Amino acid sequence: MIRILHTADIHLDAPLRSLALRDDALRAAVEAATRAAFARIVDVAVSERVAALLIAGDLFDGRARSARTAAFLTAQLDRLRDAGIPVFYIKGNHDAENPITGAIDMPDNVHLFDARGSKVQLAEDLWIHGVSFADRHAPDSLLRRFPAPVEGAVNIAMLHTSLAGAAGHDTYAPCSVADLRGMGFDYWALGHVHKRQVHSQSPWVVMPGMPQGRDIGETGAKSASLLTVVDGRITVEEVPSSVVEFTTSSLDISGVEDDDGLRTALRAHLRGVADALSSAAGVVRLTLTGTPPRHWQILRDQETWAESVAALARDTGRLWLEKLQIEIDAPASSDSAVGATTELATLMAAIGEEPGFAAAARAEIEEVIGEMPQAVRAALLPDEDTAETLAQSLAKAGARRVLARMKGAEG
Amino acid sequence: MRLRQLSLDRFGHFTGHALDFGDAGERPDFHIIYGPNEAGKTTTMEAALRLFYGFPHREPYAFKHQRANLSVSGVLEIDGETRGFTRLPKRSGALLDASGTVLPEAALAAHLGGLGEEDYRNLLCLDDDTIERGGEEIAQARGDIGRLLFSAAAGVADLTTVLDGVREEADAIWAKRKTKTHVAELKRELKDIEKEIRERDVTTSAWRGLKKALTDAQAAEATARAARDALHTRAADLAAHRRALPLLAELDALDARLAPFADYPERLEFDPETLVTLKTDQTRAHADTERLRTEIEDLAARQEALVLTPGLATLADDLDQLEDLRARDRANALDLPRRRDQLATAEAAMARAARDLGVADECDPQSLVPTPAQLAALEAARDRLRSARTAAQAEARELADATDRRDRAAEELNRLSAQTSPEADIGAILARYEADTLMPAHATAQQAITAAEQSARASREALATGAVRFESLPDCPMSRIRAHELAEAYEALHRKIDAESTALAQHQEDIAARQAQIDQLSRDGQLVPDDAAAALRTARDRQWQAHLAAMTPATAQDFAAAMQALDGAQEARITHARDLGQLRQIAQARAEAQARADQARARMVEYKAAQAAIEAEVDAAAKAAGLPGPLVPAEWLDWVDRHAAAQAAARAANEAQDMHGATLARAQALLDALRPQLDLVFPDVASAVAAARRLAESELQARRAMETAREALRLAEADLSARARKHDASQQEADKAAQAWHDLVLESLGQAVSPDTLLAALDPLRSLATQQEKRAEAAQRVATMERDQALFAEKVAALATAHDQPQADTPADSFELLRAASGAARAAQEQADDLGVRIATARAALDEANRRLTEIADTVTTLGRAFPSSASVDTLDALRATAHRAAEIIKDRENLSALTRRIMSELGVSDLVTARARLDEASLVSLDAEAESCKADLDRAEQALTDATEARVTSQQALSQVTGDADIATLTERRATLELELQEAAQAHLELSLGHRLAEVAIRRYRDTHRSGMMAATERCFAALTQGAYTHLTTQPDGAGETLLAVDEEGTAKRVAEMSKGTRFQLYLALRAAAHQQLVAQGTCLPFFCDDIFETFDEDRTSAACRVMERIGQSGQAIYLTHHRHVVEIAQKVCDTPPIVHEI
């Protein structure tokens, strides 16, 4: 029996991006989580006495440049070396652009496949094949660079690929699952897509997902894949790795009549979210929906509610609030409301659409965002088109806030 | 929609309470719900809201009925139809119709104009708090019309606070060039973190450089170390040769020295030190033999000299047995005389005590000693007797004091009785005539009569005109109305004459002006006026007729001249035709002015005649009234008015007399009744009553003093009898105690002691008891001691006799003699035993020494056999010398082999032959020279190695700084979080700022849409509320906005900031009323509630506000809740149709 651990997209030292990290307790618990997740994988490799660790690309993050990252990695790889575990590694798009890749002296237990493609014999009847990225971009398929599988042995192939790709994203080493299945390998150890997915079981086509999510876009518990090869047959199981997991959740508060009721509902809901976590800590983005009677007051007090929810989440001991989104509406009976406020709301909506206002709003947005550091500017206004949509959405949200305060004012 | 009926089935403190608002009808639908504080007005309003919107989860009105039992129902008029609804506090099925069928929520909600409960409260429920905040909003909005109109229409009373709050919040997040904003703080923090990352991080390329530097340094260090190590080896080699050379010479010398002793053994089988021990033992054994022989002889001689007496040995035990008795005998000899003295003293004291008790001398004092119980009983009985006697004495003193007090009280009463004399009861008279009420009435009456008379006199005197005075009121010959008519007619005529004279002057001015214009136009002569032209024409015609008649050259010439004159005039007129037209107009105007002036003159004459007629009538009337001289009609009217006033005053004086006559008569009667009792010559009512009251007061005081004295006497007598009873009781108690004492003395001591003596002094008896105890103890001690002395003397004598020893004077001395004899005998026996033991020990030691000497001689013989026969070993000393030499030889042999090994080791060779070969050529001098040169090389190599090591350590340290710790990763993460925070802050700021901007623009648009309608309605309402103090509302542009101004009745525009608080309240109320009107206009007609908003209004404002409510009631249902009765009354008075009042 041979065991092999397969991971990818570690993005070592890529920072977690979440407002929840403003909380010191959470920061202390999860800082440098990508390191902790990788160290866990190494722990498992050592404790399970695996025959090899496969890293299918994006070991480094494109932006991380620190030598300390390399030093940390070397220490972890040395642990594997001391345990007699070889590491097979192919470069992904991030690794190809990252200077650390070239600077680091990998310990002698690490085998780095080059971009030409090759194979290594791991055991008498087990071969590992791999092809690295030569460059940041790989617009064409890399499949033809793989050497043919060895007859009569178990063949594992390592490839960093976006597969068929997703609309609006660059494609990396594109290929289809059908192409892979047709290549004659027993296990495709893939990388690149951050969400775990088993595309096929015979042969195995496994995207293990990243070991640690970095922001609310990378939700759920993360893991590596553990292969067990017995008599030429492979079985696969998941090995949890994430230190903290990101999760989104929504709560319908239509029936909630007052603040205490809302607080009770939130407490119960957050406890449920916390219980459902697989990792030790969780960061939640909570969306309130529905048509509560006191919706104007809730909208008016949204900052206060955000703080309350953050405190309730903290009370669970393992959950932190990333953001509270309030997407509630007025109860149906208020839709046809007459009166000045409704009229004002209609007016505000109409004015928001007018070119004059749009121009003024854009000017204001550009002034404010112009004062921000470059990274923030880029995040808020990646291109020209965004300015317009941003102006619209901000104006809409602003109008809602002001209305909430008027409606909610105890008049 | 309107409320027809509202039933508070179970709500607040109500049970089954219903309000019927009736049919809407034609009248304004204005209702007032009146009830005192806490009656439940607000509850009524809340009940209506519950009916519309249901019960909240936390119901503050569930204090009497539990929430689950609450119920509100009502009948509503909806689109001309009446429908019943019931509201229950349930999750589902909360709304029922009149038959109890569950209705969907929409059945009612559909008719509430889409208003939520909060909206309803904001728009249609008004209370004083809202009004107050609305008034503040007007001030805060600084008259901005947009905000005012919107604020009122939306029911958002603190709109400005909301909007300014949004702006402030946005500015706190970010504001241009501000350094205290949230964003500015975050940016600073971000800058710090980026700086820290820059300072602490090592890039990958720098790291690669460090690694290469280390590799190089390590190689350099290894090379330097190898060079140095080689030199070290060479230097060590040279040093070894240098050390081996002398060792070889030493080896050769030692070899030669050992050659003669080859047959000596390789090693000694025994330790040579044993021979030293043997020698010491031998010497000591010889010495011991000598010493022991002498000692034995000496001890035997001493043993024989001792004398022993065994018989006295047992005496010591007998003496020890007597030791206790002897110690007691010694103590008794000291103590016995003192004890005998004590016995005698106690007996003497007892005899003295018996004498003190008055006992006869022959009586034994011991028979008188009382037991402790008897003594205690005697003491108690004596104390009781003494205290009983003291109490009896105290009671006797109290009795005397009480008697004395009683006597003084009786005396005081007699004194007062003598002073008081029976008199007429003035108080009764005052009461009979009700002086207390009569006096103020009398004073008021007098005051009123005097005032009325003064007024009549003053108004009569006011009629005086010139020198004429009226002593009595004259008659007035003309009515006031006629006088008034005349005065007014006269005044009217006067005004007309003034007007006509002004007009006349104007007309005359006109005439003069026209004439001046005519003159001006005609002056230069070019203009021929009409009449001049007519004259010329007439002249021409006349000349023509003359010429026609004469037909002479003269007439022709005349005619021609006339013709020429006319032609010239005609020509001039044609030339000046315009001026001529003007001239004609002016002439026309002058003629008109002349006509008007004539008319005015004629009218003036007419008016003056009318005036004269009035003056004549007035004059006649004045004469009839007796007034002097001509009076103008206005003066006459004034006099007539004054006459009417004087007449009224005279009437009032008479009425006052009539009204107060009865009171004055009663006062006079009181005075008559009092006069005989008083010492006053001419009393008036007031002084008489005052004197009478003083007298009545002193009578009352005298009576009270008598009462007090009587009461004092009664108390004193009661006290006296109580004291007497207590005195008797204490006397009896004393007698009883004396008897008890007497009996007890007799029982305890018999007849020997008299009770009276004992009562004076109990101490002798106590002393008797104490001394008896001492006496008994002393007597017992003396007897015991005398017995011990006798026994000791007897035993000592027996022992002396038994052992045949002499006796001394006292038994104690004899005992000491016996003790000495026994001690001497025992010492001699012990010494003899000791000597015996020591002789035996010395003999044993002598035998042991002889045995040891023999043993040593045997050993010497045995050891000597190991050596060659040539060696001397006969005696112990010879053996020692030979053994010593053998040891030296053995040591030299060892040195030889050690030298050999060392030389081989120094040179690193395996045998001596090779070693000799190596050193064959070497000399110390050549070796030293070579070592010096090697040392210099080594120093240089050491330095090179140190430098290389330092370089390597430096590189290593630099590289070791690059650890795998996570600090940079943590900082990077912190930077990412800060960037997100900035992103969020920017968004939050923009949301607020854009929202604020939108709201401002929208409010301006709202203003533009609704200004005309709402402003007109507000203006009407505001004018009504301020009762015309402000007639108009107007606006004034102010930047992008527009501010509101109120125009007062004098046309002055006022800013809202300049209005009083109350006026601002009214303005807000007007705005709300206008907003309500607008709501109605939009088709939302719902009950409008006001909860006591007029509390701070004065009466005028309340009246106006009631009218506003009535007006609201004309377009919808208006319900006003109040606990002020006056508001109800005002509303009923000022409204065109009084409102319907519901009392609860």
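In S3(A), which residue is the bridge partner of A:Ala56?

Author: The model is a predicted one, in which local features need pLDDT of at least 70 and side-chain atom pairs count only at pLDDT 80 or more, while totals for chains, interfaces and linings use all residues. Residues are numbered from 1 along each chain as its sequence is written, chains are lettered from A and ligands numbered from 1 in the order in which they are written, and side-chain values use heavy atoms, with hydrogens and water left out.

The bridge partner of A:Ala56 in S3(A) is A:Ile90. Strand S3 covers residues 87-90 of chain A, and four bridges join it to S2(A), the two running parallel. Strands (E, at least two residues) are DSSP runs, numbered from the N terminus, and two strands pair if DSSP finds at least two bridges between them.

S2(A) also pairs with strand S1 (residues 2-7) of chain A, again in the parallel sense and over four bridges. In that pairing, A:His6 stands opposite A:Leu54 of S2(A).

Strand S2 itself spans residues 52-56 of chain A and is mostly covered, five of its five residues being buried. Buried means under 20% relative accessible area, exposed over 50% and partly exposed in between, with a 1.4 Å probe and protein chains only. In a regular strand the side chains alternate between the two faces of the sheet. Both faces of S2(A) are covered: one side carries A:Ala52, A:Leu54 and A:Ala56, the other A:Leu53 and A:Ile55, and all are buried.
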